[in-house]
Amino acid sequence: MFFDPEGKEIRMKRTDYLSWDQYFMGVALLSAQRSKDDHTQVGACLVNDQNKILSVGYNGMPTGCHDDDMPWEREGEPLDTKYFYVCHAELNAILNYGGGSLYGARVYVTLFPCNECAKAIIQSGMKEVIYMQDKYADDDMTVASKRMFDMAGVKYRKFEPKDQTIELHL
Ligand SMILES: Nc1nc(=O)n([C@H]2C[C@H](O)[C@@H](COP(=O)(O)O)O2)cc1CO
Ligand SMILES: [Zn+2]
C-alpha cells in the first residue's frame, strides 16, 4: 500500500493483471479441461483484432457421438482408435463460431495445429496462431502445417509464459 504525506492511502493501478496473451491462452487452457481425451487435452480461443473473444473449443467427439461409446485408444485397429472420430480443438472453435467471418482473427491454441486444422485456419481467413506446446513438431503433419502457414502468410509464434499462476477454486 502507498500513502500520501498526509497518511491517506493512495490507490494504484494493479500491476499483476493478465496480459491479453495470458488472458486468451488462459481461456484456451481452461477450455482444454473440458476434454475427455486422457492423453492430450487441447483448447483453442479465437480472438478478433479488437481483442474480443469470438469462440472457444476443445478436442472432443462430434455432437451425438457419445463420449462413452467412442474409442479413446491411441493404438490398434484404426477404426477402434480415437483418431478417425475426434474433432480437434481448433476446428471445434471455428465451427462453434456463429457470427460470420473470422477474417483477420487470431487463434490461441495449447498445441500447434495439425495440417487439417491449418487448412481450416487458412481458409477461414485467420492471420495468426499463438501456440503453447509443439510436442509433435517433428511429425509430418506439423511440418505440413508450417509449410502451409508460411505460404499463406499466417504468422505463428510460441506463447511465452511468465510463470504466473492463477488458482481457480471451483
Ligand atoms: N492441434 C491439435 N489439436 C487437437 O485438438 N488435437 C487432439 C486430437 C486428439 O484428441 C489429441 C491428440 O492425441 P494424442 O495423439 O496426443 O494422444 O489432441 C491434436 C492436435 C495436434 O495436432
Ligand atoms: Zn487439427
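A: Read from the N terminus, the elements of the chain follow the order β-β-α-β-β-α-β-α-β-α-β, with four helices and seven strands in total. Here helices (H or I, at least four residues) and strands (E, at least two) are DSSP runs, numbered from the N terminus. The model is predicted, so that local features need pLDDT of at least 70 and side-chain atom pairs count only at pLDDT 80 or more, while totals for chains, interfaces and linings use all residues. Residues are numbered from 1 along each chain as its sequence is written, chains are lettered from A and ligands numbered from 1 in the order in which they are written, and side-chain values use heavy atoms, leaving out hydrogens and water. The C-alpha trace of the chain spans about 75 × 40 × 35 Å along its principal axes.

The helix in question is H2, residues 89-96. Two packed helices are described by the angle between their axes and the distance between the axes. For H2 and H3 (residues 115-123), the angle is about 30 degrees and the axes are 9 Å apart. Axes are lines fitted to C-alpha atoms, for helices over the stretch in contact, and angles run from 0 to 180 degrees between N-to-C directions. H2 is therefore roughly parallel to H3; angles under 35 degrees count as roughly parallel, over 145 as roughly antiparallel, 65 to 115 as roughly perpendicular and the rest as oblique. The crossing of H2 past H3 is left-handed, a term for a near helix turned anticlockwise from the far one by less than a right angle, with clockwise giving right-handed.

Glu-90, Leu-91 and Ile-94 of H2 meet Cys-117, Ala-120 and Ile-121 of H3, where contact means heavy atoms within 4.5 Å. Sorted by class, the residues of this contact are five nonpolar, no polar and one charged. Ala, Val, Leu, Ile, Met, Phe, Trp, Tyr, Cys and Pro count as nonpolar, Asp, Glu, Lys and Arg as charged, and the others, Gly among them, as polar.

His-88 is located in the loop between E4 and H2. UniProt also places the feature "domain: CMP/dCMP-type deaminase" (unreviewed entry) at residues 19-148. UniProt positions are given in the numbering used here, feature names are shortened, and annotations may be inferred rather than shown by experiment.

There remains the sheet. Its five strands form an open sheet in the order E4-E3-E5-E6-E7, with mixed pairing; two strands pair if DSSP finds at least two bridges between them. Strand E4 (53-58) and strand E7 (155-158) each have a single partner strand, so one side of each is left without a neighbour in the sheet. From one strand to the next, the twist averages 15 degrees. H2 packs on this sheet and touches strand E3 (43-47), E4 and strand E5 (106-111), its direction making about 140 degrees with that of E4.

The loop between E4 and H2 also holds Pro-71. Apart from its neighbours within four places in sequence, Pro-71 touches Met-61, Leu-79, Asp-80, Thr-81, Lys-82 and Tyr-85.
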